[in-house]
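Dear colleague,

Please find below the structure that I am handing over to you, together with its sequence. My notes on what was found in it follow.

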Amino acid sequence: MAQPKVLLTRRWPEAIEARLGEVFDLTVSRDDLPLDAEQLKAALRDYDAVLPTVTDRLSAPIFDLTNPRTKILGNFGVGFSHIDLTAASACGIAVTNTPDVLSECTADLAMTLLLMVARRAGEGERELRNGKWTGWRPTHMIGKKVSGATLGIVGFGRIGQAMARRAHFGFGMKIVVQNIPAVAPEILAEFGAEQVDSIDELLPRCDFVSLHCPGGTENHHLIDARRLGLMKPDGCLINTARGEVIDQQALAQALWFGTIGGAGLDVFEGEPDIPYALLGADSLVMLPHLGSATRETRDAMGLRVMENLVAFFEGREPRDRVN
Ligand code: DGY
């Protein structure tokens with residue numbers, strides 16, 4: 001049987017590209033730029049499998065094709081709010097993601113942001129590099145204590161739990177959780193965590209709030225001006241989930257007027273464009289979507305896609321099918 005024709009929309013770790021090339025008739029989009037709508041449609045027409053990432057916007061019109069050749073989209077990433085699952089299913093296209101393998105590194109990065117915001121690490125580094133540091137003094141760049149503080153976690157799946165593990169066992173933080181559906185009592189007990197019924201209940205109680213829920217329309221602007229107003233005046237918001245979960249204009253306003261303590265963002269609505277209002281906010285730490293960006297994790301993500309693809313073309317159900 002001929003090898004399935006597979007398209008990588010972006011460059012992947014070299015070793016994984018090589019392994020995919022041994023098993024499939026592989027094409028790599030070598031210029032490593034996001035594909036536009038026409039290129040994505042052409043890909044669905046011409047390849048048995050397309051392996052997209054978060055930068056490929058596979059919205060409903062892209063699937064408006066008669067008889068696409070593509071039978072599986074093996075997404076390189078756990079989040080899949082950039083893929084219209086209903087439209088993919090209507091075309092008979094399976095969609096898979098890469099859970100588990102990136103939970104640790106994404107939680108590491110969320111903790112990095114939390115610590116940076118709390119201890120004003122971005123501001124401090126800017127001051128030093130700009131030659132503005134005048135030396136140690138008791139009142140200089142005073143931050144917020146992390147150890148023993150209360151952390152609210154919105155979305156208590158794999159990454160949320162990995163964050164709780166770091167915060168609770170590493171920093172003695174108290175954990176408050178909001179999740180739909182209710183979390184099993186034995187999982188909450190592992191972190192001494194308390195579950196609340198709503199985000200509105202969680203926000204006023206927490207010194208730090210970290211978002212680990214899915215993106216997409218269901219959580220669009222989940223954190224808006226009203227909810228930002230429920231946070232403690234020195235509360236800090238961390239987002240390593242998806243940019244659309246936060247109303248960025250409302251966040252910029254909260255940061256500029258100092259109605260919250262600070263924020264740390266790894267993801268943005270409309271990334272890589274960053275609103276001007278966020279760029280100048282001093283109490284904001286920003287990273288360019290680095291959650292899963294370690295050698296080990298990116299290799300593991302690639303292998304996980306490959307495992308799904310091999311299963312699919314051998315006629316088995318891929319373990320990470322999401323539609
Ligand atoms: C993920 O895995 O969802 C990362 O954010 C990259 O898409």
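**Ligand contacts and helix packing**

A backbone N or O atom of G79 lies 2.8 Å from an oxygen atom of the ligand. Please bear in mind that this is a predicted model. For V78, a backbone N or O atom is placed 2.7 Å from an oxygen atom of the ligand. H289 takes part through its side chain, an N or O atom of which is 2.7 Å from a ligand oxygen atom. The residues around the ligand are V54, G77, V78, G79, L102, R242 and H289.

Two helix pairs were also examined.

Helix α4 (residues 103-118) packs on helix α6 (residues 158-171) at an angle of about 55°, the axes being 8 Å apart. α4 is therefore oblique to α6, and the crossing is right-handed. From α4, the contact is made by S103, E104, T106, A107, D108, A110, M111, L114 and L115, and from α6 by R158, I159, A162, M163, R165, R166, A167 and F171. By class, these residues of α4 and α6 divide into 10 nonpolar, 2 polar and 5 charged.

The axes of helix α1 (residues 14-23) and helix α12 (residues 295-313) come within 10 Å and cross at roughly 15°, so α1 is roughly parallel to α12. The crossing of α1 and α12 is right-handed. I16, R19, L20 and V23 of α1 meet D299, G302, L303, M306 and V310 of α12. This contact of α1 with α12 comprises 6 nonpolar, 1 polar and 2 charged residues.

With kind regards

Conventions. Residues are numbered from 1 along each chain as its sequence is written. This is a predicted model: local features need pLDDT of at least 70, side-chain atom pairs count only at pLDDT 80 or more; totals for chains, interfaces and linings use all residues. Side-chain values use heavy atoms; hydrogens and water are left out. Axes are lines fitted to C-alpha atoms, for helices over the stretch in contact, and angles run from 0 to 180 degrees between N-to-C directions. Helices (H or I, at least four residues) and strands (E, at least two) are DSSP runs, numbered from the N terminus. Angles under 35 degrees count as roughly parallel, over 145 as roughly antiparallel, 65 to 115 as roughly perpendicular and the rest as oblique. A crossing is left-handed if the near helix is turned anticlockwise from the far one by less than a right angle, and right-handed if clockwise. Contact means heavy atoms within 4.5 Å. Ala, Val, Leu, Ile, Met, Phe, Trp, Tyr, Cys and Pro count as nonpolar, Asp, Glu, Lys and Arg as charged, and the others, Gly among them, as polar. A residue is near a molecule or strand if one of its heavy atoms lies within 4 Å of it. A polar contact is a pair of N or O atoms within 3.5 Å; within protein, one must be able to donate a hydrogen and the other to accept it, and residues adjacent in sequence count only if both atoms are side-chain atoms.
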